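Please take a guided tour of the aromatic side chains in this structure, with the viewer open beside the text.

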Amino acid sequence: MNKDEALQKMIENMPEKTGKALEEWMKILQSKSFEKHSEGVNFLKKEHNVTHGYANTIYTLSKKEDTTPSELIDNQFKGKEVLFPIYERIVAIVKEFGDDVTITPKKTSVSLIRKKQFALIKPATKTRIDLGLKIKDKPITDRLENSGPFGTMCTHRVRLTDVNEVDNELKIWLMEAYEKAN
């Protein structure tokens with residue numbers, strides 16, 4: 001399933017999972033004005049009991065009707081096409097974890113969410129992807145660094161410059177982050 005199919009499936013499941021269709025959510029959000037993305041997401045979560053993944057997707061789609069998730073990803077990798085295989089490999093791995101993974105492209109990164117965000121993929125430079133992981137109480141190593149620019153969104157960062165660095169060790173860390181995000 002590609003990213004557009006995954007988004008379409010999420011939109012189709014929205015009435016069952018959230019109680020309303022996307023069009024209904026968009027009407028609700030039209031009357032609101034939020035300064036920050038997180039304010040809109042938190043509104044949906046707190047006022048309407050929508051899970052984070054759906055709240056993020058609903059809010060993103062309500063604001064970006066002219067930008068599809070594919071376009072967001074394409075824009076992130078413009079001039080950084082050499083990094084796209086790393087992104088694809090990470091996404092393929094997390095999709096194997098279960099059908100409860102939500103892949104949410106934003107303007108500069110892609111969030112990987114279960115019930116909570118567990119990883120963040122960010123093309124940081126023309127030659128490097130920063131993979132943020134949320135694994136509380138995991139020791140820092142030479143490879144599994146402090147979260148750095150991710151701040152509190154993640155607990156660790158792994159710098160990736162080659163698709164071969166998406167190895168078994170990294171897969172174990174991704175799985176650990178996924179398991180803790182339930």
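Is phenylalanine 77 buried or exposed? Select phenylalanine 77 to begin: with a relative accessible area of 4%, this residue is buried (under 20% counts as buried, over 50% as exposed and in between as partly exposed, with a 1.4 Å probe and protein chains only). The model is predicted, so local features need pLDDT of at least 70 and side-chain atom pairs count only at pLDDT 80 or more, whereas totals for chains, interfaces and linings use all residues. Residues are numbered from 1 along each chain as its sequence is written, and side-chain values use heavy atoms, leaving out hydrogens and water.

The structure holds seven aromatic pairs (rings of Phe, Tyr and Trp, its six-membered ring, with centres within 6.5 Å; planes under 30 degrees apart are stacked, over 60 edge-to-face and the rest tilted). The rings of phenylalanine 77 and phenylalanine 84 have centres 5.2 Å apart and planes at 80°, so this pair is edge-to-face.

Next, select phenylalanine 97 and tyrosine 178, whose ring centres are 5.2 Å apart with planes at 45°, so the pair is tilted. This pair links distant parts of the chain, 81 residues apart, with phenylalanine 97 in helix 6 (residues 84-97) and tyrosine 178 in helix 7 (residues 168-180); helices are DSSP runs of H or I with at least four residues, numbered from the N terminus. Both phenylalanine 97 and tyrosine 178 are buried.

Key
Helices (H or I, at least four residues) and strands (E, at least two) are DSSP runs, numbered from the N terminus.
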